Amino acid sequence: MKYALLINEGPEDMALRKDAKEHSRNMAAYGAYYQAMMEAGVFVSGQGLEHPETATTLRIRQGKRSIQD
C-alpha cells in the first residue's frame, strides 16, 4: 500500500523562507525526515508545488461546485 504525504505551507510559512536562518532550520528538519524515510525504504518520489497564490481551489457545497482561481 502506498500513501501520499502532502506538506502544506500557508502564506505566513512561505514568507519565512525569506529569512535565511528560519529557512535553514526548516530545511534541516525536512532533511532529517527525508533521511528517515529513505533509511526506512518508504520514500518513492517527491515534487515541490507552486506557491499558494497560484492555486485553484475546488469546493463542493450543498451539491454545487465552486471553483476559485
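How many bridges join strand S1 to strand S2? Five bridges join S1 to S2 (residues 64-68), and the two strands run antiparallel. The model is a predicted one, in which local features need pLDDT of at least 70, side-chain atom pairs count only at pLDDT 80 or more, and totals for chains, interfaces and linings use all residues. Residues are numbered from 1 along each chain as its sequence is written, and side-chain values use heavy atoms, with hydrogens and water left out.

**Overall architecture**

- The protein chain holds two helices and two strands, in the order α-α-β-β from the N terminus.
- The radius of gyration is 16 Å, well over the 11 Å that the globule rule gives for 69 residues, so the protein chain is more spread out than a compact globule.
- That radius is taken over C-alpha atoms, and the globule rule is 2.2 Å times the number of residues to the power 0.38.
- Helices (H or I, at least four residues) and strands (E, at least two) are DSSP runs, numbered from the N terminus.
- The C-alpha trace spans about 45 × 40 × 15 Å along its principal axes.

**Confidence**

- The average pLDDT (the predictor's confidence in each residue, from 0 to 100) is 86 for the protein chain, and 100% of the residues score at least 70.

**Surface and burial**

- Buried residues (under 20% relative accessible area; exposed is over 50%, partly exposed in between; 1.4 Å probe, protein chains only) make up 4% of the 69 residues in the protein chain.
- The accessible surface (Shrake-Rupley method with a 1.4 Å probe; for residues, only the protein chains shown count as cover) comes to about 6800 Å², and carbon and sulfur atoms account for 53% of it.

**Helix H2**

- H2 covers residues 20-40, and its end C-alpha atoms are 30 Å apart, which agrees with the 30 Å that its 21 residues should span at 1.5 Å a residue.
- The expected span is 1.5 Å times one less than the number of residues in the helix.
- At the start of H2, a side-chain oxygen of aspartate 19 lies within 3.0 Å of the backbone nitrogen of lysine 21.
- Glutamate 22, a residue of H2, counts as buried because its relative accessibility is 18%.
- The side chains of glutamate 22 and arginine 25 make a polar contact at 2.6 Å.
- A polar contact is a pair of N or O atoms within 3.5 Å; within protein, one must be able to donate a hydrogen and the other to accept it, and residues adjacent in sequence count only if both atoms are side-chain atoms.
- An α-helix has 3.6 residues a turn, so residues three or four places apart point the same way.
- Tyrosine 30 is also in H2 and is partly exposed, with a relative accessible area of 35%.
- Tyrosine 34, another residue of H2, counts as partly exposed at 29% relative accessibility.
- Glycine 41 follows H2 and has a positive phi, near 75 degrees.

- Strands pair if DSSP finds at least two bridges between them.
- Isoleucine 60 has arginine 65 of S2 as its bridge partner, and threonine 57 has glutamine 68 of S2.
- Phi of glutamine 62 is near 50 degrees, a positive value in a residue other than glycine.
- Most residues other than glycine have a negative phi.
- Glutamine 62 counts as exposed because its relative accessibility is 83%.

**Separations along the chain and in space**

- Tyrosine 34 and glycine 46 are twelve residues apart in sequence, and their C-alpha atoms are 9.9 Å apart.
- Glutamate 50, in the loop between H2 and S1, counts as exposed at 64% relative accessibility.
- Glutamate 50 and aspartate 13 are 37 residues apart in sequence and 14 Å apart in space, C-alpha to C-alpha.
- Tyrosine 30 and isoleucine 67 are 37 residues apart along the chain, with 32 Å between their C-alpha atoms.
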